[in-house]
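Biologist: Please pick one part of this model and give me a close look at it. After that, tell me how the rest of the chain is laid out.

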Amino acid sequence: MRYAHAVDEVRAAEAALMARLPEGTLMQRAAAGLAAVCAQLLGGLYGSRVLLLVGSGDNGGDALYAGARLARRGAHVTAALAAQKTHPEGLADFRAAGGRVLDYARLESLLSPGEGSAPSSAARRAFEGTDLVIDGLTGIGGRGALRGLYGALVRALPEEAAVVACDIPSGVDADTGEVADTAVRADVTVTFGTLKPGLLIDPGAAHAGVVELVDIGLTGLPEPAVIAPATADVRPPRPEAETDKYRRGVVGVIAGGARFTGAALLSVGAALRGGAGMVRFASAARVVALVDARWPETVTTVLPEAAPGDDTEPDLDAVGRVQAWVVGPGLGVDARGERLVKATLRSEVPVLVDADGLTVLAGLPAGVRRALLDRRAPTLLTPHAGELSRLLNVGRDQIEARRLVHVRAAAAGLGVTVLLKGSTTLVADPGGQVRANLTGTPWLATAGSGDVLSGLAGALLAQGVDAADAGAWAAHLHGLAARIAAAPRRGLAPAPITAEDVLAALPEAFAQLS
Ligand SMILES: NC(=O)C1=CN([C@@H]2O[C@H](COP(=O)(O)OP(=O)(O)OC[C@H]3O[C@@H](n4cnc5c(N)ncnc54)[C@H](OP(=O)(O)O)[C@@H]3O)[C@@H](O)[C@H]2O)[C@@H](O)CC1
Ligand SMILES: [K+]
């Protein structure tokens, strides 16, 4: 499990610790950890060329002290001072260690634009041959788009150099993972005390590379703002020898309609492979026939079409007992869809609402929606950014840019668990804790992959897994399956995949759980 804390919490814990320690102790611990990771990456230090990007705050101080340590071990280290004032003691130590300084005025002239907005050739020449860059422009004090020389400096970095970010890649918001404009793209981020949410959430996570945590002795941190389960933390129930199919959990899937049938097939397939004892499926006759043909192990029920104007609630008892419902994939957003969503939410078992089911919910008057979601059994909503945008009445772009903020707001506002799909899938419970999924891959951005996720999470709900774990574990397994499908053998470059491929790889993903 990886834990991330918000900046305010980190600062409070650091202040308490600093009050008990001699001045500068924490920074020395941070710098020692940073230098150790860099030394390991460089292999031999002697003669290697290191470039420090130094900003005005303590993040720059960490970089200067780390650079001094590397210089004392024989590296050629240059500090590019991107601010007029930098950490004075750190700079003095760096100079004393024999580090070379590119001061602000010199850096400014090197970075003055050449042709167009490309970095000037002077900057290119100055940085040529760098083996490793240490990014100490901004850490947890960074706010908004990089200002002054910072952005131009980042854009002028030599492509071949390895990049190690100090605490957080500069330009990434530590609390949310937002990237306003230019941000450092690190191969490794060395972070101190605890992870920051922005290291786990895209677009920040994509800029962080491998995240190495350095222990600086922080204690007394509160509950983490974001947690990211590792594969070892994903523990769906395992059937015992005497477990029968009913005790393993029965999941009911209500999906597909007049227009779409594929979503139902994918969701049912994933529910079958998700470990439930049995899958029941209910829908229109045409969809049921297809499910019967593709997944004969499913127990199916044809739901009679209501006559126009007839809004009596569908009889879900006719489908048989289930321990959880999945409702929505390919369902349609008409009156039939609305009746089915309402009926499942009025049941007393866990319900997962996905896809068209979410659009139906978004279209209901707020009071009706609130009453439907005010349930005793767990409720899990699994929107992508567009569906969440409709539910919250917030622009899709805003959701994409501030995923953490909006998934939390949705869970708190609706009083249910919300799984926001995307490059980093996030699962928020109404209490505010968020789980981030680390197994995502861009290959999952393919039609139907959400239907697979819904069936899988529904199967976990039916096995008694709580909503936040069901969402987070399903996302984890789904990501593993996608990676297996995209690159089935070691050393193979990933290839495009379909949702069917993800479905087929689910058993192998389960096999990776300890
Ligand atoms: N606290 C501790 O115990 C420990 C802390 N440690 C280290 O300290 C780091 C935090 O240091 P910090 O608080 O000095 O903030 P930091 O991230 O260096 O940035 C602040 C400066 O950047 C500037 N600035 C901001 N945004 C900008 C932008 N977009 N573009 C341009 N400039 C921008 C801002 O300028 P201003 O907004 O004031 O004009 C201000 O001067 C932390 O991440 C860790 O590395 C470790 O040593 C362990 C112990
Ligand atoms: K940084």
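Modeller: Helices (H or I, at least four residues) and strands (E, at least two) are DSSP runs numbered from the N terminus; buried means 20 or more other C-beta atoms within 10 Å, exposed 12 or fewer, partly exposed in between, with C-beta atoms placed from the backbone. This is a predicted model, where local features need pLDDT of at least 70, side-chain atom pairs count only at pLDDT 80 or more, and totals for chains, interfaces and linings use all residues. Residues are numbered from 1 along each chain as its sequence is written, while chains are lettered from A and ligands numbered from 1 in the order in which they are written.

So who gets covered? The buried residues of H16 are Arg403, Leu404, His406, Val407, Arg408, Ala410 and Ala411. Just past H16, glycine 415 has a positive phi of about 70°.

Stepping back, the protein splits into domain 1 (2–226) and domain 2 (248–511), bounds that come from an automatic or database assignment. Their centres, over C-alpha atoms, lie 41 Å apart. Domain 1 and domain 2 each put 11 residues into the contact (C-beta atoms, placed from the backbone, within 7 Å). On the domain 1 side, those residues are 6 nonpolar, 2 polar and 3 charged.

Now for ligand 1. Its shell has 28 residues, with Gly57, Asp58, Asn59, Gly139 and Gly141 coming nearest. Helix H1 (7–18), helix H2 (25–42) and helix H3 (58–72) each give that shell at least two residues, and H3 provides the largest share, 4 residues.

One more spot: glycine 151 sits in helix H7 (residues 150–155). Glycine 151 counts as buried because 20 other C-beta atoms lie within 10 Å. Apart from neighbours within four places in sequence, glycine 151 is in contact with Leu146, Asp181 and Thr182. Between the C-alpha atoms of glycine 151 and leucine 480, which are 329 residues apart along the chain, the separation is 35 Å.

How values were computed. Contact = placed C-beta atoms within 7 Å. Nonpolar A, V, L, I, M, F, W, Y, C, P; charged D, E, K, R; others polar. Near = placed C-beta within 6 Å.
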